[in-house]
Amino acid sequence: MNYRFGPYALDTQRFELHAHGVMVQAEPQVLALLIMLIANRHRLVDKDELIASVWQGRFISDAAISSRIKSARQLVGDTGKSQHVIRTIHGRGFRFVAELDSAPAAAVPITEVPVAAAAEMKRPAIAVLPFAGLGDLAALQITTHALPQEIIRELARLRWLLVIASASAFQYSSAEPDVRRIGTALNVGYVLHGSMRLQGDRISVDVELVDTADAGLLWTDHFEIKADDIQSLQAVIAAQVVAALEVHVPQHEAERARLMPAQSLEAWSAYHLGLQHMYRFNAADNAAAGDLFRHAIAREPAFARAHAGLSFVRFQDAFLDYGPPTAAPTAAPTAGAAARSAAERAVQLDPLDPFANAVMGRAHWLSGELATGLGWLDRATALSPNYAQGVYGRAWVHSLMGHGADAQLHADHAMALSPLDPLRYAMMATRAMSHLVRADHAAAAQWAERGAREPGAHALIALIAAACHGLNGDDARAQAWLAEAQRRQPAVTCARFLRAFPFADPAIRQEITGALRRTGLPA
């Protein structure tokens with residue numbers, strides 16, 4: 001939507017505010033607040049609604065809300081005294097009161113993309129079918145449609161996945177759907193279907209993700225809950241489906257891509273294959289991922305997710321100091337700038353893509369701009385609340401900022417959302433850091449040990465384990481993990497570790513540095 005008032009133009013699709021035709025730099029959270037007030041301009045918005053929409057229900061002080069309202073006013077030339085744009089109704093809430101030049105045109109819902117567009121976009125496409133009601137489910141028959149509708153709404157937030165509208169998908173209602181025929185009719189590669197059974201006071205739900213090409217089962221899960229708690233069940237299943245598809249569909253797409261000659265790789269195939277290389281966290285695979293993302297961009301220059309993938313690759317270059325040791329002092333800043341540039345391009349191309357917003361947040365933490373990075377990660381999870389890697393990113397930044405309780409909350413949520421995530425080791429390491437910043441060294445050492453033993457854990461995760469064990473007084477485990485870190489990355493130092501993890505609190509930085517130096521890590 002485009003809103004115009006006075007000299008200002010607010011584009012919600014591009015997530016940009018312009019004044020007199022020039023883009024105004026703004027924090028994502030402040031723009032989100034302004035959009036929320038304009039969209040609800042016909043009524044008062046109270047504090048609780050703001051917190052739910054802009055801060056996703058986190059505890060926020062009145063001072064923090066006042067600060068964001070003040071920033072929003074400054075963006076649009078308003079003041080707390082004049083209140084020509086944003087009016088405060090003391091004790092009740094806020095209203096957007098400026099007159100709009102014209103009513104905005106409604107955006108087309110993501111779920112209503114025409115079926116024929118699936119082939120043109122070349123994104124992985126999925127149809128979510130109505131669930132089959134088994135047994136005595138007459139009293140809950142509406143739920144067999146309500147649950148798939150909830151899943152469709154959540155999947156539509158992902159951006160990388162084309163979700164067929166329910167009006168088309170719900171024409172296929174069967175306990176045993178012919179997924180090959182549905183795949184041909186709707187032009188989709190995947191079908192999600194399930195069944196619900198009422199037994200006494202409990203409802204059991206089975207969900208399956210199927211490849212329409214060969215009717216192969218890719219993922220299945222079983223859920224059970226009391227019948228009077230059906231609303232909670234819908235939220236849990238929708239969250240688990242989103243997290244599962246984030247892992248299983250890209251993995252399956254990458255396996256398909258491996259069968260193609262390199263020269264014939266389409267943009268989306270190259271992108272998914274690049275993801276698999278990217279998550280292996282070593283220099284060779286990271287370079288291969290970069291090549292595949294560049295291949296995807298060459299095929300489709302406006303492919304936002306490929307630019308976001310390239311940002312992640314350059315982030316990894318800086319984060320892990322890939323390259324010859326002699327190049328390390330200059331390699332990280334150069335890679336960091338490239339990560340920021342690619343992220344900016346991704347957000348410009350698709351401001352509503354959670355992955356694009358997440359890599360923007362990562363790029364900011366490379367330069368120590370933690371609060372700004374957190375704003376972008378908050379936006380990523382606002383766009384897709386069940387985006388596990390966005391939730392994990394928030395946990396990581398909170399730990400760097402010294403917010404241990406928030407970091408633990410988000411780390412646990414990320415692990416619950418995506419138990420098989422390729423970054424699970426990092427989620428566990430973040431859980432360790434959430435304890436470390438609160439001086440709970442025993443719990444920090446326990447979680448760091450678990451994270452460092454997970455598949456994919458790299459040298460810096462081993463150093464976190466070394467630091468946590470050192471602070472917990474276990475010198476033998478600390479030295480063992482230091483040796484493992486140096487085996488994986490011989491040139492690692494305290495300075496490199498702190499450049500990767502720019503802790504905001506000098507006391508925490510000093511404590512970690514002391515532990516690593518006592519263990520034997522060079523300065």
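Author: Let's start with a charge and a ring. Arg-362 lies over the face of Phe-315, 5.0 Å from the ring centre. "Over a ring" has a set meaning here: the NZ of a Lys or the CZ of an Arg is within 6 Å of the ring centre and within 35 degrees of the ring normal. Arg-450 does this too, over the face of Trp-447, at 4.4 Å from the ring centre.

Before we go on, some ground rules. This is a predicted model, where local features need pLDDT of at least 70 and side-chain atom pairs count only at pLDDT 80 or more, while totals for chains, interfaces and linings use all residues. Residues are numbered from 1 along each chain as its sequence is written, and side-chain values use heavy atoms, with hydrogens and water left out.

Back to Phe-315. Its ring belongs to one aromatic cluster, whose members include Phe-281, Phe-312, Phe-319, Trp-365, Tyr-392, Trp-396 and Tyr-425. For the structure as a whole, the number of aromatic pairs is 16. Two rings of Phe, Tyr or Trp (its six-membered ring) pair if their centres lie within 6.5 Å; planes under 30 degrees apart are called stacked, over 60 edge-to-face, and the rest tilted.

Take Phe-281 and Phe-312. Their ring centres are 6.2 Å apart and their planes meet at 70°, so this pair is edge-to-face. The two residues sit 31 places apart, linking distant parts of the chain: Phe-281 is in the loop between helix H9 (267–278) and helix H10 (283–299), and Phe-312 is in helix H11 (residues 304–319). (Helices and strands are DSSP runs numbered from the N terminus: H or I with at least four residues for helices, E with at least two for strands.)

The cut-offs are under 20% relative accessible area for buried, over 50% for exposed, and partly exposed in between (1.4 Å probe, protein chains only).

Phe-281 has another partner. Its ring centre is 5.8 Å from that of Tyr-425, and the planes are at 85°, so here again we have an edge-to-face pair. Because Tyr-425 is in helix H17 (residues 424–436) while Phe-281 is in the loop between H9 and H10, this pair ties together parts that are 144 residues apart in sequence.

You'll find Gln-83 in the loop between helix H3 (62–75) and strand S5 (86–89), and it counts as buried because its relative accessibility is 15%.

Now a buried histidine. His-248 lies in helix H8 (residues 230–258) and has a relative accessible area of 15%, so it is buried. If you skip residues up to four places away in sequence, His-248 touches Leu-209, Leu-218, Trp-219 and Leu-420; contact means heavy atoms within 4.5 Å.

How do two helices meet? Two packed helices are described by the angle between their axes and the distance between the axes. H19 (residues 459–471) and H22 (residues 506–519) pack at about 95°, with axes 9 Å apart. The axes are lines fitted to C-alpha atoms, for helices over the stretch in contact, and angles run from 0 to 180 degrees between N-to-C directions. H19 and H22 are therefore roughly perpendicular: that label covers 65 to 115 degrees, while under 35 is roughly parallel, over 145 roughly antiparallel, and the rest oblique. On the H19 side the contact residues are Leu-463, Ala-466, Ala-467 and Leu-471, and H22 brings Glu-511, Ile-512, Ala-515, Leu-516, Arg-518 and Thr-519.

Finally, the big picture. The protein has 22 helices and twelve strands, and 56% of its 523 residues count as buried. Of the contacts between residues at least 6 apart in sequence, 62% join residues at least 24 apart.
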